[in-house]
Amino acid sequence: MGSTGRMVVGAFGLVALAIGFLAVVFLTAPAAPGPDLARAKTSLKGLYSIAIAPESGEPKQGDLHSWVVTVTTRQGAPVDNASFTIGGGMPEHAHGLPTSPEATSYLGDGRYRIEGMKFSMTGWWQLKFGITAPAGADEATFNLVL
Ligand SMILES: [Cu+2]
């Protein structure tokens, strides 16, 4: 093999090495962590299981709409007589909810209707539910991306 041949082989080797290196960097880079979009979770102190669902279809930007929140004990028993504080906002914009949603009725089986919810912008929203019931006070935060 002449010196030109060795250079070609050498250059090819370097390119292969660079590709290999980039592949390792690319494949091992952590994926950008998105917010946890689960709509059912255990409350912060572990007292309740709490699940949220829009009452009719996925909410759209600007719509005043309702949610149904279901609260059970960790063993799955429905929680009656819960009261709620509802807050939240857009963590990336440092603003709160545009409305003051409230629990307006008990639907039975641990389900409560939350009325007056509105998402005035598209993007990442957080909903923070404070729950007070005979077993104690606890809270849960949900993420939504519109
Ligand atoms: Cu915003």
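Biologist: What arrangement do the four donor atoms make around the copper ion?
Modeller: In this predicted model, the arrangement is tetrahedral, because the four donor atoms subtend angles of 98 to 126 degrees around the copper ion. To count as tetrahedral, all angles have to lie between 85 and 135 degrees.

Biologist: Nice! Which protein atoms are the donors of the copper ion?
Modeller: They are SD of Met90, ND1 of His93, NE2 of His95 and SD of Met121. These atoms lie 2.0 to 2.3 Å from the copper ion.

Biologist: And how are the donor residues spaced in sequence?
Modeller: The spacing reads M-x2-H-x1-H-x25-M. Met90 and Met121 are 31 residues apart, so to speak a link between distant parts of the chain. Met90 sits in strand E4 (residues 83-90), while Met121 is in the loop between strand E7 (111-117) and E8.

Biologist: Is Met90 buried or exposed?
Modeller: Met90 is buried, as its relative accessible area is 2%. Met121 is partly exposed, with 31%.

Biologist: Let's switch to the sheet. What is the order of its strands?
Modeller: The order is E5-E4-E8-E9, in an open sheet of four strands with antiparallel pairing. Strands E5 (95-96) and E9 (136-145) are at the edges and have a single partner strand each, so one side of each has no neighbour in the sheet.

Biologist: Over how many bridges do E8 and E9 pair?
Modeller: Strand E8 (residues 124-133) pairs with E9 over 10 bridges, in the antiparallel sense. For example, Trp124 has Val145 in E9 as its bridge partner.

Definitions and conventions: Residues are numbered from 1 along each chain as its sequence is written. This is a predicted model: local features need pLDDT of at least 70, side-chain atom pairs count only at pLDDT 80 or more; totals for chains, interfaces and linings use all residues. Side-chain values use heavy atoms; hydrogens and water are left out. Two strands pair if DSSP finds at least two bridges between them. Helices (H or I, at least four residues) and strands (E, at least two) are DSSP runs, numbered from the N terminus. Donors are N, O and S atoms within 2.8 Å of the metal (3.2 Å for Na, K and Ca); water is not among the atoms, so sites may look incomplete. Four donors count as tetrahedral if all angles lie between 85 and 135 degrees; four count as square planar and six as octahedral if opposite donors are over 155 degrees apart and all others between 65 and 115; anything else is irregular. Buried means under 20% relative accessible area, exposed over 50%, partly exposed in between (1.4 Å probe, protein chains only).
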